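Good morning, and thank you for coming. Please look at the sequence and the model on the screen while I speak.

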Amino acid sequence: MLPDFVLRILLLVLGYLYPAFECFKIVESNRGDNEQLRFWCQYWIIVAILTAFERIGDIFVSWLPLYSELKLSFVIYLWNSNTQGTTYVYETLLKPFVRGHETEIDQRFSELAARSGDLIKNYVQNAADKGQSMFLEIMQFIMVPSSRKTKSNQKVDPLKRAEAVFGPDPIFPGGGDQARRTDDGRSRLRRSSK
């Protein structure tokens with residue numbers, strides 16, 4: 001058994017980089033080899049579907065012995081010219097299934113696109129509302145002089161000042177043991193009486 005990080009690197013190289021380079025060569029060559037281009041398109045369709053379902057499926061089956069090795073072997077089986085695995089998987093499994101459920105799949109993707117658009121719109125609206133309210137609070141803090149300005153001879157307790165600006169302490173509401181600064185600037189634990 002190979003270490004997991006080695007298998008991941010091999011899967012990236014043999015499952016993505018090598019096929020991508022082969023596709024590049026086919027696309028950039030001037031010969032119009034539609035059969036090779038069709039083969040690699042079928043490969044990428046299968047890999048895209050496997051990658052999408054892999055995120056969920058790995059949770060349930062990744063504990064199996066040699067799971068990563070089997071995944072790597074399957075990817076090599078798909079693009080190897082001796083096995084023609086892509087053609088077999090595409091023609092016998094994927095194509096009949098997708099053709100039989102094509103309208104249902106289209107409908108689900110349309111619904112998903114509409115829902116995701118609404119979700120993004122709601123998130124943007126909420127972020128804008130929160131940003132606006134935060135901006136207004138900051139501007140109010142900057143503009144309100146009474147909470148910041150004091151007489152030059154009067155010392156202000158920073159905790160009281162923070163409480164005046166931001167409200168009561170959420171950690172110690174209404175009492176309990178609280179750290180308070182004394183006039184000499186040192187922190188001291190004060191017990192409040194209830």
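This is a predicted model: local features need pLDDT of at least 70, side-chain atom pairs count only at pLDDT 80 or more; totals for chains, interfaces and linings use all residues.

Residues are numbered from 1 along each chain as its sequence is written, and side-chain values use heavy atoms, with hydrogens and water left out.

Let me begin with the layout. The chain contains six helices and two strands; both kinds of element are DSSP runs numbered from the N terminus, helices being H or I with at least four residues and strands E with at least two. Read from the N terminus, the order is α-α-α-α-α-α-β-β. Of the 194 residues, 15% are buried. Here, buried means under 20% relative accessible area, exposed means over 50%, and partly exposed lies in between, with a 1.4 Å probe and protein chains only. The chain exposes about 15,700 Å², and carbon and sulfur atoms supply 62% of that area; accessible areas come from the Shrake-Rupley method with a 1.4 Å probe, and for residues only the protein chains shown count as cover.

I turn now to helix H3, residues 67–79. How far apart are its end C-alpha atoms? They are 19 Å apart, which agrees with the 18 Å that its 13 residues should span at 1.5 Å a residue; the expected span is 1.5 Å times one less than the number of residues. Its buried residues include Tyr67, Leu72 and Trp79. The buried residues of H3 pack against helix H1 (4–28), helix H2 (34–61) and helix H4 (85–100), where contact means heavy atoms within 4.5 Å.

Helix H2 is next. At arginine 55, H2 bends by about 50 degrees, the bend being the angle between axes fitted to the seven residues ending there and the seven starting there. Among the buried residues of H2 are Phe39, Trp40, Glu54 and Asp58. The buried residues of H2 pack against H1, H3 and H4.

We come to the salt bridges. Side chains of opposite charge can pair when their charged atoms come close. The structure holds six salt bridges, each defined as a side-chain nitrogen of Lys or Arg within 4 Å of a carboxyl oxygen of Asp or Glu.

One of them joins aspartate 4 and arginine 8, at 3.2 Å from N to O. The two lie four residues apart in helix H1, so about one helical turn separates them. Aspartate 4 is partly exposed, at 39% relative accessible area, while arginine 8 is exposed, at 57%.

Which residue forms a salt bridge with glutamate 54? It is lysine 71, and the closest N and O atoms are 2.5 Å apart. This pair links distant parts of the chain, with lysine 71 in helix H3 and glutamate 54 in helix H2, 17 residues apart. Lysine 71 also forms a salt bridge with aspartate 58, where the closest N and O atoms are 3.5 Å apart. That pair again links H3 to H2, across 13 residues. Lysine 71 is partly exposed, at 22% relative accessibility, whereas glutamate 54 is buried, at 15%. Elsewhere, Arg38, Glu91 and Lys95 are linked in a network of salt bridges.

Finally, the surface. A nonpolar patch of about 950 Å² includes Met134, Leu136, Phe141 and Phe166. Patches are made of residues with over 30% relative accessible area and no salt bridge; like charges are joined within 9 Å, and nonpolar side chains (Val, Leu, Ile, Met, Phe, Trp, Tyr) within 5 Å. Helix H5, residues 102–143, gives the largest share of the nonpolar patch, eight residues.

Thank you for your attention.
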